[in-house]
Amino acid sequence: MKTKFDIEYSITVSPQLLYQYISTPSGLTEWFADDVNSRGEFFTFIWGDSEEKAKLVTKKVDEKVKFRWLDEDGVETDYFFELKIVLDELTKDVMLLVTDFADDDEIKDQTQLWNNQIADLKKILGSA
């Protein structure tokens, strides 16, 4: 059983631009995985020799995307990751809220992995 966790990142960029990087195969390839392919709502994420498949279950323009992981038979699992753009109406600060799952003993490592990936994303966006 994995545990759900959330991490919030401040990113100085427009929600529209950020959305392109979290919702398209080309955008995700720039910072999230070595390669990302999609066929309709089904995405394949490739890291080195490892390949994971997910279904895009939620897509709200300029706001969020949610991918549910598929098992080796292509069946949806209980686990997903969500990338949600939050705009503070007062300050106009843009936050990226990441929701993911990990085993209890791997949450620290998984958080560090997200930190590294978001650091890459910020560099690409000129927000580092």
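How are helix 1 and helix 3 oriented to each other? In this predicted model, local features require pLDDT of at least 70 and side-chain atom pairs count only at pLDDT 80 or more, whereas totals for chains, interfaces and linings use all residues. Residues are numbered from 1 along each chain as its sequence is written, and side-chain values use heavy atoms, without hydrogens and water.

Helix 1 (residues 15-23) packs with helix 3 at an angle of about 130°, their axes lying 12 Å apart. Angles under 35 degrees count as roughly parallel, over 145 as roughly antiparallel, 65 to 115 as roughly perpendicular and the rest as oblique; helix 1 and helix 3 are therefore oblique to each other. Their crossing is right-handed. The contact (heavy atoms within 4.5 Å) involves Leu17, Leu18 and Tyr21 of helix 1 and Leu121, Ile124 and Leu125 of helix 3. By class, this contact has 6 nonpolar, no polar and no charged residues.

The largest pocket holds about 400 Å³ of space. A pocket is an open set of points on a 1 Å grid where a 1.4 Å probe fits, with protein on both sides within 12 Å along at least five of seven lines; lining residues have an atom within 4 Å of a point. Of its 18 lining residues, Lys2, Trp69, Asp100, Phe101 and Gln110 are the closest to the centre. Helix 3 supplies the largest share of the lining, 4 residues.

Note on methods. Points joined across faces, edges and corners; volume = space filled by probe spheres on them. Helix = DSSP H or I, 4+ residues; strand = E, 2+ residues; numbered from the N terminus. Axes fitted to C-alpha atoms, helices over the stretch in contact; angles between N-to-C directions. Left-handed = near helix turned anticlockwise from the far one by under 90°. Nonpolar A, V, L, I, M, F, W, Y, C, P; charged D, E, K, R; others polar.
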